[in-house]
Amino acid sequence: MFDAISGKYDFLNHFLSLGIDIRWRKKAIALLHSAKPKFILDVATGTGDFAIEALRLNPQKVIGVDISEGMLEIGKKKMKTNGYESVIELMTGDSENLPFLENKFDAVIVAFGVRNFENLEKGLAEMLRVVKPGGRVVVLEFSKPRAFPMKQLYSFYFKYILPKIGKIFSRDSSAYTYLPESVQAFPDGDDFLSICSKLGYKNATCQTLTFGISSLYTATK
């Protein structure tokens, strides 16, 4: 599915969110400024937008992993075009079986990817395994607004408007039907924090963004 929409993925991300997704990524990366991580892993990197945003931290190396070859192909072209290849490396990798030794990275980041894990707990456990003791994990993910009227507006847009627009531009009817379904099924907010704590994450916190449309989770090892 992600291979099929890879060519339109970046455009639709920005278009369907009115560009707000760019601000969300900036806010997420800003949480790592004080930690000054030098080795960063971007899980479910897609076309590499979050990895590129991480360059604001002046890291020595950012490795992005994704299971979709189509998304990685677009991402690699983006890195070459912008001259990021020496710092950002994109590679095929399964988030639930990361090809790295434990305690390797200063920080692990993931944007709009954890809800796609086949086994959420296994993927989160892998992220915890590869981050160094004291290292930080930052997760940016869609969530469900709870308050009126945003809850109702968001639900209508996600169920009826977004899939139609997504289908027109991507010519894939499944991808943008899957998106609202996956968000609805995802254990967001306190439920997600409970899972993190159960797995051994420390100091797990949640910050809602833009009326609860997305949430920003942070934790340490």
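**Notes on a predicted model**

1. Alanine 54 sits in the loop that connects H3 and S2, and this is a residue of a predicted model. Its relative accessible area is 0%, so alanine 54 is buried, the cut-off for that class being under 20%. Once neighbours within four places in sequence are set aside, alanine 54 is in contact with Ile29, Ile40, Pro59, Val62 and Ile109. Alanine 30 stands 24 residues from alanine 54 in sequence, and the two C-alpha atoms are 8.9 Å apart in space.

2. For orientation, the chain contains 8 helices and 7 strands, and 51% of its 221 residues count as buried. Among the contacts in the chain with a separation of 6 or more, 72% are accounted for by residues 24 or more positions apart.

3. Which residues of the largest nonpolar core touch the most other members? They are Trp24, Ile40, Ile88, Ile109, Leu140 and Phe142, in a core of 31 residues. At least two residues of this core come from each of helix H2 (20-30), helix H3 (49-53), helix H4 (69-82), strand S3 (88-92), strand S4 (105-111), strand S5 (131-142), helix H6 (150-170) and helix H7 (175-185). Of these contributors, H2 gives the most, with 4 residues. As a general background, nonpolar side chains in soluble globular proteins tend to be buried together.

4. Tryptophan 24 deserves a separate look: leaving out residues up to four places away in sequence, tryptophan 24 touches Phe112, Leu140, Phe142, Leu209, Thr210, Ile213 and Ser214.

5. Helix H8, residues 190-199, has Phe192, Leu193, Ile195 and Cys196 buried. Viewed down the axis of H8, the buried residues fall within an arc of 160°, and therefore they line one face of the helix. In general, an α-helix has 3.6 residues a turn, so residues three or four places apart point the same way. The face of H8 turned away from the buried side carries Asp190 and Lys198, which are exposed. The cover over the buried residues of H8 includes helix H5 (120-130), S5, strand S6 (202-209) and strand S7 (214-220). Just after H8 comes glycine 200, which takes a positive phi of about 110°.

6. How many cavities of 30 Å³ or more does the structure hold? There is 1 such cavity, and about 70 Å³ of space lies in the largest cavity. Its lining is made of 13 residues, of which Val137, Val139, Phe192, Cys196 and Ala219 are the closest to the centre. H5, S5, H8, S6 and S7 each supply at least two residues of this lining. By type, the lining residues divide into 11 nonpolar, 2 polar and no charged.

7. Lysine 61 belongs to strand S2, which covers residues 61-66. With a relative accessible area of 24%, lysine 61 is partly exposed, because that class lies between 20% and 50%. Not counting residues up to four places away in sequence, lysine 61 touches Lys38, Phe39, Ile40, Ser86, Val87 and Glu89. One of these, glutamate 89, is 28 residues from lysine 61 in sequence, while their C-alpha atoms are 7.7 Å apart in space.

8. Most residues other than glycine have a negative phi, and most peptide bonds are trans. Asparagine 103, although not a glycine, has a positive phi of about 60°; asparagine 103 lies in the loop between S3 and S4 and, at 32% relative accessibility, counts as partly exposed. Phenylalanine 211 is likewise a residue other than glycine with a positive phi, here near 65°; its place is in the loop between S6 and S7, and its relative accessibility of 64% makes phenylalanine 211 an exposed residue.

9. The peptide bond that runs from phenylalanine 148 to proline 149 is cis, with omega near 5°. Proline 149 is placed in the loop between S5 and H6.

Key: Residues numbered from 1 in each chain as written. Predicted model: local features only at pLDDT ≥ 70, side-chain atom pairs only at ≥ 80, totals over all residues. Heavy atoms only, no water. Core = buried A, V, L, I, M, F, W, Y, C linked by side-chain atoms within 4.5 Å. Buried < 20%, exposed > 50% of the residue type's maximum accessible area, 1.4 Å probe, protein only. Contact = heavy atoms within 4.5 Å. Arc of directions from axis to C-beta. 1 Å grid on protein atoms, 1.4 Å probe; cavity = no way out; pocket = protein on both sides within 12 Å on 5 of 7 lines; lining within 4 Å. Points joined across faces, edges and corners; volume = space filled by probe spheres on them. Nonpolar A, V, L, I, M, F, W, Y, C, P; charged D, E, K, R; others polar.
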